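Dear colleague,

My notes on what was found in it follow.

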Amino acid sequence: MDNRAEVREFLTSRRAQVTPEQAGLPTGTNRRVTGLRRSEVATLAGVSVEYYTRLERGAIRGASPEVLASLAKALRLDDAERAHLFDLAQAASPVARPPKRRNPKSWVPHQSLQWALDAVGAGPAFVRNGRMDLLAVNVLARAFYKDVYDMPGQPPNIARFTFLDDRAHEFYPDWEAFAEVTVSILRTEAGRDPHNKDLHDLIGELSTRSDEFRRRWGAHNVRHHGTGFKTFQHPIVGELTLAFEGLEMAAEPGLTLTIYTAEPGSPSAERLRLLASWAASEYGDAITFAPERTRTDG
């Protein structure tokens, strides 16, 4: 991906979403732009119009943290958008180094990580990367994402399932919301790790094969996705309303550990127990991986 194009499209899209009223500016007449003018953003950020114009054209390399912070305030960016702006600036730096990311084709979880996942007996627990590959799971997560694993000829990937498998529209009752979250996660990862060829390939595949993905990708929306509630329609046990917590793994940059749980005593908790019973008979007591590799593998 062209980082300059990413910067240009992100800043342009954010500027278009801020109205003069929101920024405390007079509306005036004969406005020919959606949202703020470049001159108005420059004034709010305390920079010259010429300098902001260069930034919006993608020349963000060398922008100071103070300028980026002022720009984020002027454009009323939320925490996720602000972090994305800083990621884009870091990626454009001549001294930037792409963050180390695990290759899903070769990475194998440490035995202790698998023990930790297997110790979560009341809900699905899994590790994913920024391109939404399922890298490590407990038995309940394997059963929970049964259809994701059953996609023919593909490694388990939540984004590919969401946009390229018709079963996703049944699994996600609010498919529109899940689709937005999925694209936002991929867009956030593209800002963090712009040199990731596997990520680029996935985005290219989804853009080519899915109009729904391509439309959402062009919106340049990003978000932090760490906690909340979701409702699923599982093919084995039916409706599940689950809380989730996503935890960034300090020992494995770029990976997220997610755990789903149901409210104790709820119908969803009972259905998770039924799913666990089905999973035990279908997959056994544990998910078996190849022998552990060293930290430098992948």
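In these notes, a residue is buried if its relative accessible area is under 20%, exposed if over 50%, and partly exposed in between, using a 1.4 Å probe and protein chains only. Helices (H or I, at least four residues) and strands (E, at least two) are DSSP runs, numbered from the N terminus. The model is predicted: local features need pLDDT of at least 70, side-chain atom pairs count only at pLDDT 80 or more, and totals for chains, interfaces and linings use all residues. Residues are numbered from 1 along each chain as its sequence is written, and side-chain values use heavy atoms, with hydrogens and water left out.

Five strands form an open, antiparallel sheet in the order 2-1-5-4-3, where two strands pair if DSSP finds at least two bridges between them. Strand 2 and strand 3 (227-234) are the edge strands, each pairing on one side only. From one strand to the next, the twist averages 30°; angles here run from 0 to 180 degrees between N-to-C directions, and axes are lines fitted to C-alpha atoms, for helices over the stretch in contact. Helix 15 (residues 267-283) packs on the sheet and touches strand 3 and strand 4 (238-248), contact meaning heavy atoms within 4.5 Å. The direction of helix 15 makes about 85° with that of strand 4.

Strand 1 (residues 125-128) is covered on both faces: Ala125 and Val127 are buried on one side, Phe126 and Arg128 on the other. Strand 1 runs antiparallel to strand 5 (residues 256-261), joined by four bridges, and Ala125 has Ile259 as its bridge partner there. Three bridges pair strand 1 with strand 2 (residues 134-137), again in the antiparallel sense, and Val127 stands opposite Ala136. The hairpin of these two strands has five residues between them, among which Met132 takes a positive phi near 75°.

Next, the aromatic residues. Rings of Phe, Tyr and Trp (its six-membered ring) pair if their centres lie within 6.5 Å; planes under 30 degrees apart count as stacked, over 60 as edge-to-face and the rest as tilted. The count comes to 20 aromatic pairs. Phe161 and Tyr172 form an edge-to-face pair, because their ring centres are 6.1 Å apart and their planes stand at 70°. This pair links helix 10 (residues 158-164), which holds Phe161, to the loop between helix 11 (168-171) and helix 12 (175-192), which holds Tyr172. Both Phe161 and Tyr172 are buried. The pair of Phe163 and Phe213 has centres 5.3 Å apart and planes at 85°, so it is also edge-to-face. Phe163 lies in helix 10 and Phe213 in helix 14 (residues 211-217), 50 residues apart; both are buried. Ring pairs also link a cluster that includes Phe126, Phe161, Tyr172, Phe244 and Tyr260.

A charge sits over a ring if NZ of Lys or CZ of Arg is within 6 Å of the ring centre and within 35 degrees of the ring normal. Arg187 lies over the face of Trp217, 3.7 Å from the ring centre, and the charged end of Lys230 sits over the ring of Phe244, 4.7 Å from its centre.

Finally, helix 12 packs with helix 13 (residues 197-209) at an angle of about 145°, their axes 11 Å apart. The contact involves Leu186, Glu189 and Ala190 of helix 12 with Leu199, Leu202, Ile203 and Leu206 of helix 13.

With kind regards
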